Amino acid sequence: MTAPWVRTRLRAAPGAAVALAVLVAVTACLAAAFPRALDRYTDAGLRQAVEHAPVDESGILVTAGPDLDGEVAHTEESVRPERLTGLYESTLGTVERPLVIDEKRSSFGVRTTETLPSPDKWLPRPDGLPAEMLLAAPHGLADHTRLRSGRLPEVPGKEATASTPEVQAAVTEGTARTLHIKVGSVVHVSGQRDLTVRVTGIVTAEEPDSPYWSVDSLLRAPSLRRIPGPMGASNPSYWVGGLLLAPEAAPALLSVTPTVRYWHLAPDPDALHSRDLDGLASAVASLESGPGLETLHSTISPFTDVTTGLDNAFTTYEDLRGDIGPLIVVAASGAGTVAAVVLLMAGGLATGRRRPELALLRARGASVRGMTGRLLAETAVVAVPAGALGCGVALLALPGGRPLPALWAAVAVTAVACLALPLRAAAAHRAVRVHDGRHDAVSPRASRRRTVAELTVVVLALGAVEMLRRRGATNGAGDLVAMAPVLVGVIAALVLVRLYPLPLRGLARPARRLRGAVGPLALARAGRGSASGVLPLLALLTAFTVAAFGGSVLSGVADARDRAALLSVGADGRVEAEAALPAGLPGRIGKAPGVREVTEVGLDYQARTNDGRQSLPLATVDPGDYAALAGRTDLGAFPAGELRRPDGAEGGSEDAVLPALASPTVAERFGNDTFQVRLADGSVATLRIVLVRDHTPAVYGDDFLVVDRAGLPAGAVRPNVLLLTGDDLDAGAVRRAVDHAGTVQLRSEERGTYVDSPLQSGAEHIYTAAVAAGAGYAALALLLSLASTAPERAALLARLRTMGLTRAQGRRLLVLESLPQALPAALGGVLTGWAAVRLLSPGIDLTTIAVSAPTSPAGRAELSADPWSLAVPAVAVLVLAVGVAALQAWWSGRRGAVAELRAGDAR
């Protein structure tokens, strides 16, 4: 009997079925997309953290000396390719999951532990010192190079031994070009014995930045080194290069110089997943100082050593993820709660629409279980395919993430959609009723059971909020942080539903004295608030909280990046050179698009105190222009008059004391006494600190002095810095105007450097999407709330029109009736958003998500309420509520009273 019932019901209300299917499909798609997107962003962030680590630290380097506990033949055997290959395979087996090694990017072989001098004078000698060579016999050279000329090295005849006098080698193009090596060149190296190396080929590295070449950079390109000596002295230099031997030639190195066997293991980037971070760190720790290292000691050598920088990369990434995680959880939980409320409201709307039908079923003997089963089957036929469709779209649109969390999220959405109607119907029709009274008003006195339940919820929510306020958002309070928008929304919704009818009922009595019936009737109806207002209020207030919190987070991140970029550059743009800039350059730059002001600064980084022991940056400026710039940028604003030179101090008078602006550290060092500063040209200036500021545009750092340029000798510190002010500076035009006269920094470009992790950008995208989804579902919740009362309102307008109410009065009635409910929702939303920001701000540091580092040039980036994020949603709620009410009044007027007042209509 269930199948005919379901088919009949779907045919009777196809529009409602399609609407439910669309709602479930969209919600399931969004729910399934969230964990997939989160996996993609977090995995990309982990891979970038590993890839951006120094090349010699992004892998695992296992090293061990040759076996020396036997005869020479045994030692030679320990460095031959067959033995190294077997140990390489056993080393791969030692690596624990989930750490996976990319064998194509890994390498192993034998190399010398130190460079060997070459007596060959045809090699370049910049300062007369002989060139030195590093010898290595890597495995798989042919797979990682392209042959440019000659051939790859071999071992002619028989196998090489420790007494082999000559071997063959290849060099890279960079080494051959720099050291003047050609095919057929013979290089002699001197060690414990002399060895002759004949170059048979010149190769090019396939991937120069690959981990294969990270064992030693000399294998890829030569390096010019200097002999250690006193700082500032002209220490002699010499070239160091690398020679690539055949793997079979490794035994020839044993008697020349100390050698080491190495196995460089590169992790597979595609196998790095953020969810496996603990396992990855454990696998690395096992190789460094755990069971894995013990295994290597037993299989390779007791003196095997393991070095890696992966543990540092994992720690840095974990810190970044730990700081960003709570912010993502807040957005997800808030948007998820709003979506769940909308699904419940959809079930409630269907229950209210079918109240007479379900009451008739119960009156004719249908059991609660039978009725619930029919409704469940009827809803599941629509919701399950829709949920599967939404989940499938999410899986196809976002490949690469885990499928199971997405499936569970879609299943949860589908389950809520399937159970909302049956459970609401079962609760509403537990008892058989022939007539259950009016549904547009609640009892003036709530039941004790409901009062106790609401008080319990409020007390628990207040306790959780207080605990969160005391513990902070990052001190092990992840679950409370996730529930913060919901907790604040629950408290505000329950309080508003209970309180807002009271002043309306109080105003209804004096409103009766007003002329006309529209005002008193609107107040009277608004004061009889329906009990179903808790869910839409909860949805609206939670969405308000998420939008306010999310907008404040995004605004705080943007402000922190802008501030950090401003502190680093000093203005909207900066042109700086070591020497004085050309005299006509400020004029040329001032004509570039977007440039409004150009402020000249002479910056001397070598200014020293009179004893010559300390140096500190000294900026010479025009006080008027510089004070205006400091005021515009809010970087240590000051009155220009206090920095101007005193009368008689023009041209650098030796007796004059110039006022100076200093940083707090410099002011603490010199106090209020006069002191002398020796400039780079040898002139001396006498200064007294009169102004202290934390920051100044010209200098970024904790130590600086700023003085009036007019008080110094002419040409003492000529302008070598230009600070540019303007909107949307054209980087190309500014650089063309500078024409290589100095380096150019733009605030906009500097700001872009702070976003260097997919985890940062991913968190911003997820947060923006969550806020947008929450806002959309909140609007839908408001529409569903208004739709639930639409039939009763339409019938009311029809009855009133038969009594003489005009269409204009009908529109005013519905608008005035909606305002007393929309206004508390809007004001409550502003309050809950502000409360959530105030609640979470002490424990949330936006520095990491803003600049991808524990510290920022601008200091700690704090969370503060964004006025636009509070005001825009409130205005949107009012506009939507009033617009829907006006639209309903207009549509009801078009239908006419006859269509609304049908005989037997229970409305």
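Helices (H or I, at least four residues) and strands (E, at least two) are DSSP runs, numbered from the N terminus. This is a predicted model, in which local features need pLDDT of at least 70, side-chain atom pairs count only at pLDDT 80 or more, and totals for chains, interfaces and linings use all residues. Residues are numbered from 1 along each chain as its sequence is written, and side-chain values use heavy atoms, with hydrogens and water left out.

**Exercise 1.** Determine where Glu318 lies and which surface patch includes Glu318.

*Solution.* 
Step 1. Glu318 belongs to helix 8.
Step 2. Buried means under 20% relative accessible area, exposed over 50%, and partly exposed in between (1.4 Å probe, protein chains only). Glu318 is partly exposed because its relative accessibility is 37%.
Step 3. Patches consist of residues with over 30% relative accessible area and no salt bridge; like charges are joined within 9 Å, and nonpolar side chains (Val, Leu, Ile, Met, Phe, Trp, Tyr) within 5 Å. Asp and Glu count as negative, Lys and Arg as positive, while His and the chain ends are not counted.

**Exercise 2.** Characterise the salt bridge between Arg261 and Asp67.

*Solution.* 
Step 1. A salt bridge is a side-chain nitrogen of Lys or Arg within 4 Å of a carboxyl oxygen of Asp or Glu. The whole structure has 14 salt bridges.
Step 2. Between Arg261 and Asp67 the N to O distance is 3.3 Å.
Step 3. Arg261 is in strand 11 (residues 259-265) and Asp67 in the loop between strand 1 (60-64) and helix 3 (72-78); the pair, 194 residues apart, links distant parts of the chain.
Step 4. Arg261 is buried at 0% relative accessible area, and Asp67 is buried at 12%.

Note on methods:
Areas by Shrake-Rupley, 256 points an atom, 1.4 Å probe, with all protein chains shown as cover. Charge placed at Lys NZ, Arg CZ, Asp CG, Glu CD.
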